[in-house]
Amino acid sequence: PMDSALEAGYRPANIANTAVQWESQTQWNLGLDLGFFQDRLNLTVDVYKKVSEDMLMSMQLPSYMGTQGNGSSALAAPKGNFGSIENKGLEITLDVHPFTGDFQWDSNLQVSFNRNTLKALSGTTAASIVGYGQWSDVVCVSEIGKPLYNFYGYVVEGVYESLEDIENSPKTAKHPSNGVYNRANTVWVGDLKYKDINEDGVIDTQDRTDIGSPLPLFTFGWNNTFRYKGFDLNIFLNGSYGNKVLNYSLMNGPSGGLASMRSAWVNQNNDAIKDRAQLVPIDPDKVYEDGSMWYNDITNVKVANSGTKTPRPTLNDPNDNDRLSTRYIEDGSYLRIKNLTLGYTFPKRWMNKINFDNIRVYCNIQNLYTFTKYSGYDPEVGASTQDSSGYAYGVDNGRYPSPTTYSFGVSLTF
């Protein structure tokens, strides 16, 4: 059902498929458990391989079926048994007790490696599985023989630094056929220069490629507990390494994102403003008899900050600098102080005087700090909240970050 200020109406929420059946899985595991020094050092290793057949997946339908884009307006595509996916990996757990006397230290480290591959797509004409961003823009493509959810877009090589640079580079869609350049309608100095993947001399959709995986090389968690004379300290760290994040909030929006450099009405972040291609005249003393300015003369324009990969500000964005590219793909690796707890348990001799069995006071901090190179709020993104099909991963559309929480408490036992 749909309700609005004007009318009430109904539309189907999804398309049915009565031919679906159960998935099937085949898995084998090989484990090794070792204990040393009276179990003060324990090692567990698990190797696994799991193949899932007849995966229950959303059908890949053409856009005119109404199943693409944002979940608030798109129909849910029918489910079908189409995919074969292989997951294989290695999990290592190291449990150590280095000190067991008055000072105690218990440490547990877990590291997980996983690789998945889309093995096949049966019963469908689709050659890949696509995941969408905010609306109908493709952000992830899962191709047969490759891992799931790879980001899909253009590779940025830099910016056009002069007219000569433009003329000696592959031609874009907005390259003027008559050789007359206009900074509002054609490619211009300071626009992004994309890599010609298929080397045909033209920049078009055929030059989109894998530009990073949102899946980490490994994830880890490290838990440590220290005890000494009634004091206890617990520190839990977790993180991932090798995964990429699409900082979608930098590019997305009707007028562009926080780094699109193509709107006078959308705030831009400091890095985009600082790193933008800054245009300066080649000959500042050149005189124009018709009263025009140097910035309208492409033969007299160059980029001052050579090497930047942030384009010039332009309202019309004729070169489509805001398209999905490596410009918005960032390193999502992180190390987080997930939990920190400090407590003190009062001595038993004190408890006997006040008829308590136990009193413990403690303070706790969750998500104390995250070490990361990611420029967004939180590198721990996970599955997309915008793509209803579930085929987009690692897409940060401005989701609320994990909050830092401080708490204090007293535990009483009578």
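Is Glu 86 buried or exposed in this chain? Glu 86 is buried, with a relative accessible area of 9%, where buried stands for under 20% relative accessible area, exposed for over 50%, and partly exposed for values in between (1.4 Å probe, protein chains only). The model is predicted, so that local features need pLDDT of at least 70 and side-chain atom pairs count only at pLDDT 80 or more, while totals for chains, interfaces and linings use all residues. Residues are numbered from 1 along each chain as its sequence is written, and side-chain values use heavy atoms, with hydrogens and water left out.

**Overall form**

- The chain contains three helices and 22 strands; helices (H or I, at least four residues) and strands (E, at least two) are DSSP runs, numbered from the N terminus.
- The radius of gyration of the chain is 28 Å, whereas a compact globule of 414 residues would have a value near 22 Å. This radius is taken over C-alpha atoms, and the globule rule is 2.2 Å times the number of residues to the power 0.38.
- Along the principal axes, the C-alpha atoms fill a box of roughly 100 × 60 × 55 Å.
- Of the 414 residues in the chain, 37% are buried.
- Among the contacts (heavy atoms within 4.5 Å) with a separation of 6 or more, 69% are between residues 24 or more positions apart.
- The accessible surface of the chain is about 23200 Å², and 55% of this area belongs to carbon and sulfur atoms. Such areas come from the Shrake-Rupley method with a 1.4 Å probe; for residues, only the protein chains shown count as cover.

**Salt bridges**

- A salt bridge is a side-chain nitrogen of Lys or Arg within 4 Å of a carboxyl oxygen of Asp or Glu, and the count by this rule is 14.
- Glu 86 pairs with Lys 88 in a salt bridge whose closest N and O atoms are 4.0 Å apart. Lys 88 is partly exposed, at 42% relative accessibility.
- Lys 49, Glu 86 and Lys 88 belong to a network of salt bridges.
- In the salt bridge between Arg 312 and Asp 191, the closest N and O atoms are 2.8 Å apart. This pair links distant parts of the chain, 121 residues apart: Arg 312 is in the loop between β17 (301-303) and β18 (329-331), and Asp 191 is in the loop between α1 (163-167) and β11 (192-194). Both residues, Arg 312 and Asp 191, are buried.
- Asp 320 and Arg 323 form a salt bridge with a closest N and O separation of 3.8 Å. Asp 320 is partly exposed at 35% relative accessible area, while Arg 323 is buried at 15%.

**Surroundings of Thr 225**

- Thr 225 is located in strand β13 (residues 218-228) and counts as buried, at 14% relative accessibility.
- Apart from residues up to four places away in sequence, Thr 225 touches Gln 104, Trp 105, Asp 106, Leu 233 and Asn 234.
- His 97 is 128 residues from Thr 225 along the chain, and their C-alpha atoms are separated by 9.8 Å.

**Positive phi values**

- Most residues other than glycine have a negative phi.
- Glu 199, which is not a glycine, has a positive phi of about 55 degrees. Glu 199 is in the loop between β11 and β12 (209-210) and is exposed, at 70% relative accessibility.
- Lys 229 also has a positive phi, near 45 degrees. Lys 229 lies in the loop between β13 and β14 (231-241), and its relative accessible area of 60% makes Lys 229 exposed.
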